[in-house]
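Work through the exercises below with the sequence and the 3D structure open. Try each task before reading its solution.

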Amino acid sequence: MKIQHNLKFFSLVLALLLAACGSDDPIAEGNTKAPKPDSTEHQSLVPGDSASLQTLLRKYDPPGRDVWQKPEVVIGKMGDLGNKTVADIGAGSGFFSRRLAQQAKRVIAVELDPRFIHFMDSIKRVELKPEYQNRFETRLGLPNDPKLKPGEADIVLVVNTYIYIQNRVDYLKNLLNVLPKGGKIIVVDFKKKRMPIKYPTANVRLELYEVENELEAAGFSNFQSDDCSLDYQYIVMAEK
Ligand SMILES: C[S@@+](CC[C@H](N)C(=O)[O-])C[C@H]1O[C@@H](n2cnc3c(N)ncnc32)[C@H](O)[C@@H]1O
């Protein structure tokens, strides 16, 4: 009964998403220019956002996101995932977790918002082959605690979420305890520079070096930062 309810709910959300994709899909039009990640109020994407789930889904996964997000580039930075567990912090709709579940041994999608936990639990049953579904676990985190046990993840991924984490250095220290020696953290977020996009606004962007400084303060080292591969975002990678 609960599964039927979830599927009905998911079907409704999926229908809305497909409708939103419509004819302005930049890929369908053969447009090679990266579309703007968001043309509405991206600055309101904060924990506890009171917008409806449908509105948030449109904001997090706007049509054509794959073109500028290049998930294969970000995931490619992780190396061979066959024997690795990835924790996706602030997983949202599961944009990355769904893709990672098809490559990694296990994915733990940590999210604050129970609506997204519910959404991911529904969508994985519809979108992923049965053999991948068991690799994809959702977990309700707290603002100051990802609820991960020491040694539970080999790699931590934080995409478009870093700035919303409160007491970031303490939170990062917590993540450091989760990782084994040599374990990696990858932070992907919007560059703080002039770009042909308006949102997210400057007040919800951090300079790349600020992310590096905070990671270093928490105890991470061996930085590899890349602000060229993605159109709008940098990728900061560091190790325990
Ligand atoms: C802008 S969305 C990004 C979602 C996803 N990473 C993506 O790239 O599509 C930010 C998400 O992070 C979640 N979030 C914010 N702070 C968090 C925290 N401390 N722990 C877990 N999730 C958090 C929010 O609820 C929201 O779903």
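**Exercise 1. Find the bridge partner of V86 in β2, then follow the chain from β1 to β2.**

Step 1. In β2, V86 has V107 as its bridge partner. Strands here are DSSP runs of E with at least two residues, helices are runs of H or I with at least four residues, and both are numbered from the N terminus.

Step 2. Between β1 and β2 the chain passes through helix α5 (residues 95-100), and this β-α-β crossover is right-handed. Right-handed means that, with the strands pointing away from the viewer, the path from the first strand over the helix to the second runs clockwise.

Step 3. The pairing of β1 with β2 is parallel and has 5 bridges. Two strands count as paired if DSSP finds at least two bridges between them.

Before going on, note that the model is predicted: local features need pLDDT of at least 70, side-chain atom pairs count only at pLDDT 80 or more, and totals for chains, interfaces and linings use all residues. Residues are numbered from 1 along each chain as its sequence is written.

**Exercise 2. Decide whether the residues of β1 are buried or exposed.**

Step 1. Apply the cut-offs: a residue is buried if 20 or more other C-beta atoms lie within 10 Å of its own, exposed if 12 or fewer, and partly exposed in between, with C-beta atoms placed from the backbone.

Step 2. In β1, 5 of its 5 residues are buried. T85, A87 and I89 point one way from the strand, while V86 and D88 point the other way.

Step 3. For the whole protein, buried residues make up 34% of the 240 residues.

**Exercise 3. Describe the surroundings of I186.**

Step 1. I186 belongs to strand β5 (residues 184-190). I186 is buried because 20 other C-beta atoms lie within 10 Å.

Step 2. Leaving aside neighbours within four places in sequence, the contacts of I186 include V74, I155, L157 and M237. A contact means that the C-beta atoms of two residues, placed from the backbone, lie within 7 Å.

Step 3. Not counting residues up to four places away in sequence, L157 touches V86, D88, I89, F96 and I186.

Step 4. From I186 to V159 is 27 residues in sequence and 8.1 Å in space, C-alpha to C-alpha.

**Exercise 4. Explain why the buried residues of α2 line one face of the helix.**

Step 1. Helix α2 (residues 53-60) has L56, L57, K59 and Y60 buried.

Step 2. Seen down the axis of α2, these buried residues fall within an arc of 160°, so they line one face of the helix. The arc is taken from the directions from the helix axis to the C-beta atoms.
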